[in-house]
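Please read the points below alongside the sequence and the model, taking them in order. They are meant for someone meeting this chain for the first time.

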Amino acid sequence: MLAALKTKIDADKMLTVPGSWASVNLDSDAILMLGQTYDVEMINGLAYLQKEGLIADGDTVGHIYVDSEFGQNGFLGATEYAKHHDINLIGAKISATDTDMTATITKLKADGVKAIALSVPPAATGSVAIQNQVQGLNVPLVGNNPAYAPTLLTDAAVEAGLENFYLVQSTAPVSTDIEKAKDLLEKYKGMSQDPPNIGTNMAYVWGLTYGQVLNTACEDGDMTRQGLLDARKKITSVTSDGLMGEQDLSDPGAPSTREAYILEADKAAEGGLSIVEDLHASDEAKEYKTPYQK
């Protein structure tokens, strides 16, 4: 959707926060992408696996990814990480509608992978989780933020397969000890009957950040569309009380933050996620340059 709209967004100078994080779209000042990009997420995810001793230099790692901006951008990050750690990265492209990962896991098992990275929709993640267990591969799985949905936990077989799945996210889940998250969760429950999920906190951070841009433009006396674009480049710090890492909006070609939460599926937690590792940016993520970064 962003790819289809980006030309008009850019031409109209309409500062836009997308629910999309492909760093290849950061060639426009009008795209206000908040959080890690998919490539940075994957670098942080693989760095976490290696820090925990789940993979090592020289290992073979599989990466199942959708053949789209999302998947390709995640694979770009995995490729960068693999290059620095002598990892044999085996890519497996799928379409967005593929939901049966039986053959893909069979091949990756034959290839001797020690872990599998996932830049796929949740349905594919569920199939991978089942096949990883059924076929006796049982390697750790690490996914970009769109790879998981709490509805996966309604299937007992998927839930069991997600025991060694890790999700890389820029935003804290709703079920944490973070005071701001607890406050938002209480307010959300008073407003909606829908089950809360990580999007609750994500949306709050988006609004908070866009609000800071508007305040800066107002202080500058220029609330035009160009004025908003100019204002965002002046903002080098946005704090969200631990919901997301400190954000710097001054370089439109760079991710606003490189810090990641590492999460795990947790049926007992509201929103279906709990924190495994607090906000942290790996050295590899800090050093990595996205395609349009200055």
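1. Basis of the note. The model is a predicted one, in which local features need pLDDT of at least 70 and side-chain atom pairs count only at pLDDT 80 or more, while totals for chains, interfaces and linings use all residues. Residues are numbered from 1 along each chain as its sequence is written, and side-chain values use heavy atoms, with hydrogens and water left out.

2. The chain as a whole. The secondary structure comes to ten helices and seven strands, where helices (H or I, at least four residues) and strands (E, at least two) are DSSP runs numbered from the N terminus. The C-alpha atoms fill a box of roughly 65 × 45 × 35 Å along the principal axes. The radius of gyration is 19 Å, which agrees with the value near 19 Å that a compact globule of 294 residues would have; this radius is taken over C-alpha atoms, and the globule rule is 2.2 Å times the number of residues to the power 0.38. Of the 294 residues, 53% count as buried, a word that means under 20% relative accessible area, with exposed meaning over 50% and partly exposed in between (1.4 Å probe, protein chains only).

3. How many of the five residues of β5 (residues 165-169) are buried? The count is five of five, and both faces of the strand are covered, with F165, L167 and Q169 on one side and Y166 and V168 on the other. Strand β4 (residues 141-143) runs parallel to β5 and is joined to it by three bridges, and F165 is the bridge partner of L141. Strand β6 (residues 260-265) runs antiparallel to β5, again with three bridges, and here Q169 has Y261 as its bridge partner. Two strands pair if DSSP finds at least two bridges between them.

4. The crossover. Together with helix α6 (residues 156-161), β4 and β5 make a right-handed β-α-β unit. Right-handed here means that, with the strands pointing away from the viewer, the path from the first strand over the helix to the second runs clockwise.

5. The largest pocket. About 340 Å³ of space lies in this pocket. It is lined by 16 residues, of which M1, L2, A3, G19 and S20 are the closest to its centre. The elements that give two or more residues to the lining are α1 (2-11) and α3 (69-84), and α1 gives the largest share, four residues. The lining divides into ten nonpolar, five polar and one charged; Ala, Val, Leu, Ile, Met, Phe, Trp, Tyr, Cys and Pro count as nonpolar, Asp, Glu, Lys and Arg as charged, and the others, Gly among them, as polar.

6. On a 1 Å grid over the protein atoms alone, a cavity is a set of points where a 1.4 Å probe fits but cannot get out, whereas a pocket is an open set with protein on both sides within 12 Å along at least five of seven lines, and lining residues have an atom within 4 Å of a point. The count comes to two cavities of 30 Å³ or more, with grid points joined across faces, edges and corners and a volume being the space filled by probe spheres set on the points.

7. The largest cavity holds about 40 Å³, and its lining includes Q169 and N145; four of the lining residues are nonpolar, six polar and one charged. The second largest cavity holds about 30 Å³, with R232, D248 and D251 among the residues that line it, and its lining divides into seven nonpolar, one polar and three charged.

8. Single residues worth a look. K13, in the loop between α1 and α2 (38-51), has a phi near 55°, a positive value in a residue other than glycine, and K13 is partly exposed, with a relative accessible area of 37%. D241 likewise has a phi near 55° and is found in the loop between α9 (225-232) and β6.

9. Contacts across the sequence. Which residue is 268 residues from V24 in sequence, yet 7.4 Å from it in space, C-alpha to C-alpha? That residue is Y292, in the segment after α10 (283-287); at 40% relative accessibility, Y292 counts as partly exposed. D27 and Q293 are 266 residues apart in sequence and 8.7 Å apart in space, C-alpha to C-alpha. D27 is found in the loop between α1 and α2.
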